[in-house]
Amino acid sequence: MSVFAFLGDKLLLRDDHFSFLVVEQTVIKVVPPLVAHGMSVLELLRVFVGVYPTVASHRRARLYGTLAQVLGPNDHLSTLILLLLGSAAGETEGSVPFCGVLCAPLPAETQVTVLRRLVEAVRAMPRTQSDLKKAKGTAYEGAASSMGSLRGLQRRAMDTVVHVLGGRVFTGLVQGDAAGEEGVLQAMLCELMGELVAAMDEVGGL
């Protein structure tokens with residue numbers, strides 16, 4: 001972890017191209033072996049989310065997009081999104097559009113997978129104060145100080161799903177796939193919409 005603490009304290013505070021390339025190459029070359037040798041992906045993502053405010057705004061999409069690609073967006077981008085939305089920065093107005101930016105470069109099928117995992121995470125969140133005490137070690141732990149804060153995270157997560165699905169980038173990909181093989185994307189979208197409706201019903205019409 002110390003290498004990433006160093007990056008947060010030193011290099012990420014410098015808004016110059018060379019320093020950013022050093023950070024990016026560190027992510028690409030260091031993260032995979034760390035994870036392969038047993039480092040918790042969740043804790044690793046927490047470190048990067050913790051330094052989010054120190055990263056120049058115009059470099060965030062590339063850095064966090066690179067991190068998601070290195071870890072594998074199908075498996076870990078939804079967790080990164082939840083952590084970002086659950087952080088102090090996640091409560092700001094630009095958090096939902098930023099999470100949409102992280103999804104935009106991905107193939108349509110990958111975006112749907114990420115969004116479905118996000119909806120599934122919302123559905124799995126505690127519904128009572130007593131269950132909330134069991135949130136330790138989850139991606140939403142930082143936003144689980146009260147049911148009110150958890151509901152806020154759920155709303156932002158659902159807003160992110162709607163934002164991506166309604167965005168021009170995603171709709172363009174769907175239109176381009178209209179004649180796709182065996183309607184795979186369309187089937188995935190139908191499943192996602194079913195999950196989305198169920199989530200809205202279960203958490204009180206978020």
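Tutor: Buried means under 20% relative accessible area, exposed over 50% and partly exposed in between (1.4 Å probe, protein chains only). The model is predicted, so local features need pLDDT of at least 70 and side-chain atom pairs 80 or more, while totals for chains, interfaces and linings use all residues. Residues are numbered from 1 along each chain as its sequence is written, and side-chain values use heavy atoms, without hydrogens and water.

Counting a salt bridge as a side-chain nitrogen of Lys or Arg within 4 Å of a carboxyl oxygen of Asp or Glu, the model has ten salt bridges. Glu-43 is partly exposed at 36% relative accessibility, and Arg-46 is partly exposed at 23%.

In helix H7 (residues 108-124), Arg-116 and Glu-120 are four residues apart, about one turn of the helix, and they form a salt bridge whose closest N and O atoms are 3.4 Å apart. Arg-116 is partly exposed at 25%, as is Glu-120 at 35%.

The side chains of Arg-123 and Glu-195 also meet in a salt bridge, at 2.8 Å from N to O. Because Arg-123 lies in H7 and Glu-195 in helix H11 (residues 184-202), this pair ties together parts that are 72 residues apart in sequence. Arg-123 is partly exposed, at 27%, whereas Glu-195 is buried, at 14%. Finally, Arg-116, Glu-120, Arg-123 and Glu-195 are among the residues linked in a network of salt bridges, which also includes Arg-127, Glu-191 and Glu-202.

Notes. Helices (H or I, at least four residues) and strands (E, at least two) are DSSP runs, numbered from the N terminus.
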